[in-house]
Amino acid sequence: MVYFKYGKAFHDLRIQHGFSLSAFEELGIAKSTLSNFENGKSMLSFDRLDFALQKMNVSPLDYSLMINNGEQDNYISIFDEIEHAYYQRNIKQLQYIYEINKEGSNEQKLIAFSARGLYRRLTIEELNEIEFYLKGVQFWGFFELSILANIGDKLDNSIINNIIEDLRYDKAYYENNLYYRVLIYRFFYKIIFKFIDSEKKEKAQ
């Protein structure tokens with residue numbers, strides 16, 4: 001279930017910081033709502049999640065780290081390799097990153113697709129996997145934004161529009177994080193060029 005990792009990471013942080021389920025009721029988050037979130041049955045709205053993290057003095061970056069099972073540094077390293085290979089036009093390195101990740105975990109497959117999409121067209125099945133994952137995202141962390149920065153322009157236009165609205169809605173939050181801001185800019189630049197190429201100049205502007 002897409003929501004599960006978000007809820008489990010929050011649950012672990014809540015227990016670690018000694019907060020009960022009822023401690024968040026003053027933020028308008030009922031115990032049942034929080035319990036459903038922690039058990040992967042539903043997702044908290046972004047603003048409520050942000051307030052709950054603030055109450056525990058947990059930064060969004062720390063939460064993102066928990067979501068990715070402590071593998072944030074590894075993801076940063078891999079996406080840095082992808083970015084470097086792309087700007088160096090090192091197709092062999094991108095192919096290598098694709099090959100060693102394509103049969104791994106769900107996250108590794110998405111990394112593989114992020115590399116492959118930079119040197120050849122993704123298959124319909126690969127795009128469907130990416131879009132299915134991104135449709136369930138409500139907390140845009142480093143991992144998800146890195147996918148957008150690399151191959152966000154390959155997505156269906158309706159999904160792109162929804163993502164843009166999500167990012168615009170939480171604009172102030174993302175602007176305060178340099179990592180996130182740079183990745184979002186890269187995504188927007190690619191989208192602008194996509195719209196220009198498809199003669200949607202007003203949308204691009």
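From the N terminus on, the elements of the chain run α-α-α-α-α-α-α-α-α-α-α-α-α. The model described here is predicted. In total the chain holds 13 helices and 0 strands. The radius of gyration is 18 Å, close to the 17 Å that the globule rule gives for 205 residues, so the chain is as compact as a globular protein of that length. Along the principal axes, the C-alpha atoms fill a box of roughly 50 × 40 × 30 Å. Buried residues make up 44% of the 205 residues of the chain. Among contacts with a separation of 6 or more, 63% are between residues 24 or more positions apart.

The packing of two helices was examined next. Helix 1 covers residues 4-16 and helix 2 covers residues 31-38; the two pack at an angle of about 115°, and their axes are 7 Å apart. On the side of helix 1, the contact is made by Y6, G7, K8, F10, H11 and R14, which meet L34, F37 and E38 of helix 2. By residue type, this contact of helix 1 with helix 2 divides into 4 nonpolar, 2 polar and 3 charged residues. F10 and F37, which take part in the contact between the two helices, also belong to a cluster that ring pairs form together with F19 and F24.

The loop between helix 1 and helix 2 contains H17. When residues up to four places away in sequence are not counted, H17 touches M56 and V58. H17 and V58 are 41 residues apart along the chain, and their C-alpha atoms are separated by 9.4 Å.

Aromatic rings were considered as pairs. A pair of aromatic rings is described by the distance of the centres and the angle of the planes. The count for the model comes to 8 aromatic pairs. In the pair of Y86 and Y87, the ring centres are 5.1 Å apart and the planes stand at 65°; the pair is therefore edge-to-face, since planes over 60 degrees apart are put in that class. Y86 is partly exposed, with a relative accessible area of 25%, whereas Y87 counts as exposed at 52% relative accessibility. The limit for the exposed class is over 50%, which is why the value of 52% places Y87 in it.

Two charged side chains are also found at the ring of Y86. The charged end of R89 sits over this ring, 5.5 Å from the centre. The charged end of K190 sits over the ring of Y86 as well, at 5.0 Å from the centre.

A buried position was examined in another helix. A112 lies in helix 7, which spans residues 106-116. The relative accessibility of A112 is 0%, so A112 counts as buried; the limit for this class is under 20%. Apart from neighbours within four places in sequence, A112 is in contact with Y98, N101 and K102. A112 and Y96 are 16 residues apart in sequence, and the distance from C-alpha to C-alpha is 9.2 Å.

Technical notes:
Residues numbered from 1 in each chain as written. Predicted model: local features only at pLDDT ≥ 70, side-chain atom pairs only at ≥ 80, totals over all residues. Heavy atoms only, no water. Phe/Tyr/Trp six-rings, centres within 6.5 Å; stacked < 30°, edge-to-face > 60°. Buried < 20%, exposed > 50% of the residue type's maximum accessible area, 1.4 Å probe, protein only. Lys NZ or Arg CZ within 6 Å of the ring centre and 35° of its normal. Axes fitted to C-alpha atoms, helices over the stretch in contact; angles between N-to-C directions. Helix = DSSP H or I, 4+ residues; strand = E, 2+ residues; numbered from the N terminus. Contact = heavy atoms within 4.5 Å. Nonpolar A, V, L, I, M, F, W, Y, C, P; charged D, E, K, R; others polar. Rg over C-alpha atoms; globule rule 2.2 N^0.38 Å.
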